[in-house]
Amino acid sequence: SGLDPAQPYFQDTPIEVRLDQSDAKFVDVIHTDTAPTIPYLGFGMSTAVGHLDFYPNGGREMPGCSKNAISTIVDLDGIWEGTRDFVACNHLRSYKYYSDSIIYPDGFLGFACASYDTFETESCFPCPKDGCPNMGHYADKFKGKVTNQVTKLYLNTAESKNFPLWRYKISVTISGNHKVTGYANIALYGDNGNTKQHQIYHGSLKPETTYTQLVDAELNVGTITKVKFLWNNNLINPTLPKIGAAKVTVQFGETG
């Protein structure tokens, strides 16, 4: 398992020098700091070098690392470790994700995709019938399905512990008599708990229109028992418009 393998002096070198597929029967890699070393001080290599290469949050900038120095240091594990982590926050996220992955065997699903921008659209969702590998400790559950081709996998993580997120596709069809300007939120409830509210759409909400959003939720809710729909308009409207949700469709990334 490569935890953000080093970029300076290693990227684009011969395979005898750096990590590559021939080093083991199964090589999985987590890339968290792939910005160019000059001028961005990226410490990790961007090249895919394993059987499975995971690029959480696109692999360059990790959520929670761009906060100011004081809040980052206090958020992390005390002043000593926090100061060290602030200097190389993106680079060191790789081992934090890995250690979190041990506790969450169903977390950190990586979606095979051409790029992070494509991952943020619906074209790589849900997982194919062979399933998606888990980034981190349980990546080797997938080792029987790998080829020697490059497989780049994308996912998002939370800003701080606990890091795993679970991807859902949520569609809401609006009912009502008038369009309103505002936002629509959905919370998911299941036999494993409930999520916070996630914004599905912001703008002009029109009746009989369906709005779809990919949501990275903070837990796997399990079997869905109900959804909560909430809307709010940004303007004071004396006509007190009423809208509702005619239909809500939820698709889970792992199982489709």
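Me: Are Phe111 and Phe125 buried or exposed?

Reply: The model is a predicted one. A residue counts as buried when its relative accessible area is under 20%, and both Phe111 and Phe125 are buried.

Me: How is the aromatic pair of Phe111 and Phe125 arranged?

Reply: One reads the angle between the ring planes, and under 30 degrees counts as stacked. Phe111 and Phe125 are stacked, with 20° between the planes and 6.1 Å centre to centre. Phe111 belongs to strand S4 and Phe125 to the loop between helix H5 (116–119) and strand S5 (152–155), so the pair ties together parts 14 residues apart in sequence. Both rings are also members of one aromatic cluster, together with Tyr55, Tyr116, Phe119 and Tyr154.

Me: Which arrangement do Tyr104 and Trp166 adopt?

Reply: An angle over 60 degrees counts as edge-to-face. Tyr104 and Trp166 form such an edge-to-face pair, at 70° between the planes and 6.1 Å centre to centre. Tyr104 lies in the loop between helix H4 (89–103) and strand S4 (111–112), and Trp166 in strand S6, so this pair links parts that are 62 residues apart in sequence. Tyr104 is partly exposed, with a relative accessible area of 22%, whereas Trp166 counts as buried at 6%.

Me: Which residues have the most contacts inside the largest nonpolar core?

Reply: They are Tyr168, Ile170 and Leu205, in a core of 18 residues. Strand S6 (166–176) supplies the largest share of this core, five residues. Another core, of 16 residues, lies apart from it and includes Met62 and Phe142.

Note on methods:
Residues are numbered from 1 along each chain as its sequence is written. This is a predicted model: local features need pLDDT of at least 70, side-chain atom pairs count only at pLDDT 80 or more; totals for chains, interfaces and linings use all residues. Side-chain values use heavy atoms; hydrogens and water are left out. A nonpolar core is a set of buried Ala, Val, Leu, Ile, Met, Phe, Trp, Tyr and Cys residues joined through side-chain atoms within 4.5 Å. Buried means under 20% relative accessible area, exposed over 50%, partly exposed in between (1.4 Å probe, protein chains only). Helices (H or I, at least four residues) and strands (E, at least two) are DSSP runs, numbered from the N terminus. Rings of Phe, Tyr and Trp (its six-membered ring) pair if their centres lie within 6.5 Å; planes under 30 degrees apart count as stacked, over 60 as edge-to-face and the rest as tilted.
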